[in-house]
Amino acid sequence: MTIPFEVFKARMLANPEVKREYDALEQEFAIASELIRARARAGLSQAELAERMGTSQSAIARLESGQTLPSTKTLIRFAEATGSKVELRLSAA
């Protein structure tokens, strides 16, 4: 029997330890989501973006999965390759 993802997620997040770890990754996943959206807006595959950036498709996949946090230099290259611009903002918590 298959459990719908949202049901599974709700069950897992009911555990305080899992919730704490999930919340700790929120900002990293937000960065990854922004990268994915920028690539999608540009209409590029990971391989096409990698070629524009002079890197490998697997490096792009790591960035988009949240496994690797990009440096400022990488963010700028990513933005240029996707026709985007980098905007950094720190807000009060």
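Trainee: Where does Ile3 lie?
Mentor: Keep in mind that this is a predicted model. Ile3 sits in the segment before α1 (5-13).

Trainee: Buried, partly exposed or exposed?
Mentor: Ile3 counts as partly exposed, because its relative accessibility is 39% and that class runs between 20% and 50%.

Trainee: Which residues is Ile3 in contact with, leaving aside neighbours within four places in sequence?
Mentor: Phe8 and Arg11.

Trainee: Switching to pockets. How much space lies in the largest pocket?
Mentor: About 900 Å³. Its lining has 22 residues. Ile31, Glu34, Glu87, Leu88 and Arg89 lie nearest the centre.

Trainee: Which elements give two or more residues to that lining?
Mentor: α3 (26-42) and α6 (72-82). α3 gives the most, with eight residues.

Trainee: And how do the lining residues divide by type?
Mentor: There are 11 nonpolar, five polar and six charged.

Trainee: Now α6. Which of its residues are buried?
Mentor: Thr74, Phe78, Ala79, Ala81 and Thr82 are buried in α6. They cover an arc of only 165° around the axis, so they are on the same side of α6.

Trainee: What is exposed on the other side of α6?
Mentor: Thr72, Lys73 and Glu80.

Trainee: What do the buried residues of α6 pack against?
Mentor: They pack against α3, α4 (46-53) and α5 (57-65).

Trainee: Last one: what follows α6?
Mentor: Gly83 does. The phi of Gly83 is positive, near 70°.

Definitions and conventions:
Residues numbered from 1 in each chain as written. Predicted model: local features only at pLDDT ≥ 70, side-chain atom pairs only at ≥ 80, totals over all residues. Heavy atoms only, no water. Helix = DSSP H or I, 4+ residues; strand = E, 2+ residues; numbered from the N terminus. Buried < 20%, exposed > 50% of the residue type's maximum accessible area, 1.4 Å probe, protein only. Contact = heavy atoms within 4.5 Å. 1 Å grid on protein atoms, 1.4 Å probe; cavity = no way out; pocket = protein on both sides within 12 Å on 5 of 7 lines; lining within 4 Å. Points joined across faces, edges and corners; volume = space filled by probe spheres on them. Nonpolar A, V, L, I, M, F, W, Y, C, P; charged D, E, K, R; others polar. Arc of directions from axis to C-beta.
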